[in-house]
Amino acid sequence: MQSPLRNGRNQMSAVKPKPSIAAGEAVAAGIDTAADTSAKTYEASVQSYEKSLGALREGMEKATKGFETSQAKMKEGLEKMVKTSEELLAFSQGNLEAFFKASQIYASGVQDISKHVAASSKTSLEETMSFGKSLMGVKSVKEAVDLQTGFAKAAIEKAVTESNKLTDAAVKLTEQALAPLTARITKAVETFSKTH
């Protein structure tokens, strides 16, 4: 014999409930809501992906522009460095040329002064020999003293004159020899004050 509970279960399972229209509508509404939510989530994902792609593209464009700017600045810096090196080389060459020119002026001037000193010494020696011959032909002490006093006075005046001439020639030579170097110093001051 069967127990009543078992029998009741069977009876329940034997009776199938009929789905209601409201329950079907609720399921359909749930499916629609899930579909809408899924579609919205998909659209949000696509939009997020597109934003990420846009940000990536923008970042790549900025990086490319930054690289191009850096490359242009580096090229400009290199060109300035090469130009500065060329200018320094040309300036150094000008300094060397000025030094050689000053050396030539000085050597030529010293040679001219040496020739003048040699000529003056020769003249002085000839005058001293002439004085010596004149002194031998003197007949009195007074005449010898007068002759010697005149010769000494003339020799001192000539020595002072020659000394002044040599001083003037040395000063002029120094100015001429320093002129190319002074011009280079002036140019250096002008050039480097413009660049800095």
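D146 forms a salt bridge with K142, and their closest N and O atoms are 3.3 Å apart. A salt bridge is defined as a side-chain nitrogen of Lys or Arg within 4 Å of a carboxyl oxygen of Asp or Glu. The model is predicted, so local features need pLDDT of at least 70 and side-chain atom pairs count only at pLDDT 80 or more, while totals for chains, interfaces and linings use all residues. Residues are numbered from 1 along each chain as its sequence is written, and side-chain values use heavy atoms, with hydrogens and water left out.

**The chain as a whole**

The protein chain has three helices and zero strands, in the order α-α-α along the sequence. Helices (H or I, at least four residues) and strands (E, at least two) are DSSP runs, numbered from the N terminus. Of the 196 residues, 8% count as buried; buried means under 20% relative accessible area, exposed over 50%, and partly exposed in between (1.4 Å probe, protein chains only). The accessible surface comes to about 16,400 Å², and 63% of this area belongs to carbon and sulfur atoms. Accessible areas come from the Shrake-Rupley method with a 1.4 Å probe, and for residues only the protein chains shown count as cover.

**Salt bridges within helices**

| Pair | Closest N and O atoms | Helix |
|---|---|---|
| E58 and K62 | 3.3 Å | α2 |
| K80 and E76 | 3.5 Å | α2 |
| D146 and K142 | 3.3 Å | α3 |

D146 and K142 stand four residues apart, about one turn of the helix. D146 is partly exposed at 45% relative accessibility, whereas K142 is exposed at 60%.

**A nonpolar patch and a loop residue**

On the surface, M74, L78 and M81 form a nonpolar patch with about 330 Å² of accessible area together. Patches are made of residues with over 30% relative accessible area and no salt bridge; like charges are joined within 9 Å, and nonpolar side chains (Val, Leu, Ile, Met, Phe, Trp, Tyr) within 5 Å. M74 belongs to helix α2, residues 21–136, and is exposed at 57%.

V138 lies in the loop between α2 and α3 (141–195). With a relative accessible area of 18%, V138 is buried. Leaving aside neighbours within four places in sequence, V138 is in contact (heavy atoms within 4.5 Å) with E143, A144 and L147.
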